Amino acid sequence: MIIDFHAHLERDPESKTYLVADLEEDTHYNKLNLRLISALEGKNVRSQNQAVRELVQTNPDKYLGCAIVNPKEDDSIEQVLEIASQPEFRAIEFDSLEHGYLPEAQQQNIDEILKIAEGKQWVIKVFTGKGFQTIPGQWVFYSQRFPNLNFVFLHMGTNDFGYNMIEQAAQHENIFMETSYQYELPILRKAFKRLPPERFIFGSNYPVNLTYASINVFNVLELPKETQRKLFYENAKRLLKL
């Protein structure tokens, strides 16, 4: 059993259509049971989330929705309130690199959005690991302000902040480590040695990363079977309340 906690709905730049067939082929080829999907490409954030909603409505047994939120937008809180009435969504995703902001500079809107998320018991996904806008500590600040929310730190801080991310997660029980884009074996080995297996979430980062490569990296680590079950399935199932 595999739940992919972090995949995106790809969009063709010329036709402006979403490549649903490619996603379905990749899901089938890699024997994935369920995927949490968001869309980073489109006319605007609202239309991107609507595309994900339609995908989930058509394929509820294979996909769950993760809504993209840009707190820089004037109506970001209104958008989140709209999403709150849509059962297709189980999580929200902040990408401060994609949208070009410092998380601490958007505190007023982010606080209000997280209050809504707390009421819905959503999982919070945050991008980490590429430059000063994605330093993990910027989101640790919010995880401390909202201890009842579960924060999934995408890419484990990658190479820039991987070691720091391990120590941050060790200090805060509501921080989980999503594994896509993290291929630095010393970081992975230290993380699985330092943290309990309940704190890891498998993600592919499809289509940016090859799904099978995101899966196969763990063959090198030779993790115990129990740890693999938690990584690939059980932890995600628990967080998403499946």
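Me: Is aspartate 75 buried, partly exposed or exposed?
Reply: In this predicted model, local features need pLDDT of at least 70, side-chain atom pairs count only at pLDDT 80 or more, and totals for chains, interfaces and linings use all residues. Residues are numbered from 1 along each chain as its sequence is written, and side-chain values use heavy atoms, with hydrogens and water left out. Buried means under 20% relative accessible area and exposed over 50%, with partly exposed in between (1.4 Å probe, protein chains only). Aspartate 75 has a relative accessible area of 27%, and is therefore partly exposed.

Me: Which residue forms a salt bridge with aspartate 75?
Reply: A salt bridge is a side-chain nitrogen of Lys or Arg within 4 Å of a carboxyl oxygen of Asp or Glu. The closest N and O atoms of the pair are 3.3 Å apart, and the partner of aspartate 75 is arginine 46. The pair links distant parts of the chain, 29 residues apart, with aspartate 75 in the loop between strand E3 (63–69) and helix H3 (76–83) and its partner in helix H2 (residues 45–58); helices (H or I, at least four residues) and strands (E, at least two) are DSSP runs, numbered from the N terminus. The residue asked for is arginine 46.

Me: How many residues apart are glutamate 82 and arginine 46?
Reply: Glutamate 82 forms a salt bridge with arginine 46, with the closest N and O atoms 3.0 Å apart. The pair links distant parts of the chain, glutamate 82 being in helix H3 and arginine 46 in helix H2, and the two are 36 residues apart.

Me: Is aspartate 111 buried or exposed?
Reply: Aspartate 111 forms a salt bridge with arginine 145, the closest N and O atoms lying 2.7 Å apart. Arginine 145 lies in helix H6 (residues 136–145) and aspartate 111 in helix H5 (residues 107–120), so the pair ties together parts that are 34 residues apart in sequence. Arginine 145 is partly exposed, at a relative accessible area of 41%, whereas aspartate 111, with 9%, is buried.

Me: How many salt bridges does the structure hold?
Reply: Glu198, Arg229, Lys230 and Glu234 are linked in a network of salt bridges. For the structure, the number of salt bridges is twelve.

Me: At roughly what angle do the axes of helix H7 and helix H8 cross?
Reply: Axes are lines fitted to C-alpha atoms, for helices over the stretch in contact (heavy atoms within 4.5 Å), and angles run from 0 to 180 degrees between N-to-C directions. Angles under 35 degrees count as roughly parallel, over 145 as roughly antiparallel, 65 to 115 as roughly perpendicular and the rest as oblique, and H7 and H8 are therefore roughly parallel to each other. The axes of helix H7 (residues 158–171) and helix H8 (residues 185–194) come within 10 Å and cross at roughly 5°.
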